Amino acid sequence: MTPENAELLHRINTYSEKVLADIDPQKTPISSQLEALKPIMEEIANEKGMSVEDVFILYMDLASEVAVKAETQFQEEFKDVMG
């Protein structure tokens, strides 16, 4: 992950923690969650000369990359414990 992409992910996640702090993600429709993130995605899109859709896709790709790395690390640590 490039430093620029890491910063983008961090900005969106930080914003998300603020605006989605009081919601239950299991009970709140994804569309409502995405709508809450739209202002930060629009801001980034304007800064980068991208569409909001492209920022969203990049965000989802980066978040997936982080999740895969975390899962891989967990599996490696669990394997060592279960040895």
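**A nonpolar patch and its setting**

Modeller: At 67% relative accessibility, Val81 counts as exposed, a class that requires over 50% relative accessible area, with buried meaning under 20% and partly exposed lying in between (1.4 Å probe, protein chains only). This is a predicted model, in which local features need pLDDT of at least 70 and side-chain atom pairs count only at pLDDT 80 or more, while totals for chains, interfaces and linings use all residues. Residues are numbered from 1 along each chain as its sequence is written, and side-chain values use heavy atoms, without hydrogens or water.

Val81 belongs to helix 3, residues 52-82; helices are DSSP runs of H or I with at least four residues, and strands are runs of E with at least two, numbered from the N terminus. Together with Phe74, Phe78 and Met82, Val81 makes a nonpolar surface patch of about 460 Å². Such patches take residues with over 30% relative accessible area and no salt bridge, nonpolar side chains (Val, Leu, Ile, Met, Phe, Trp, Tyr) being joined within 5 Å and like charges within 9 Å. A salt bridge is a side-chain nitrogen of Lys or Arg within 4 Å of a carboxyl oxygen of Asp or Glu.

As for the whole chain, the secondary structure consists of three helices and zero strands. The radius of gyration is 15 Å, well over the 12 Å that the globule rule gives for 83 residues, so the chain is more spread out than a compact globule. That radius is taken over C-alpha atoms, and the rule is 2.2 Å times the number of residues to the power 0.38. Of the 83 residues, 17% count as buried.

Methods
Accessible areas come from the Shrake-Rupley method with a 1.4 Å probe; for residues, only the protein chains shown count as cover.
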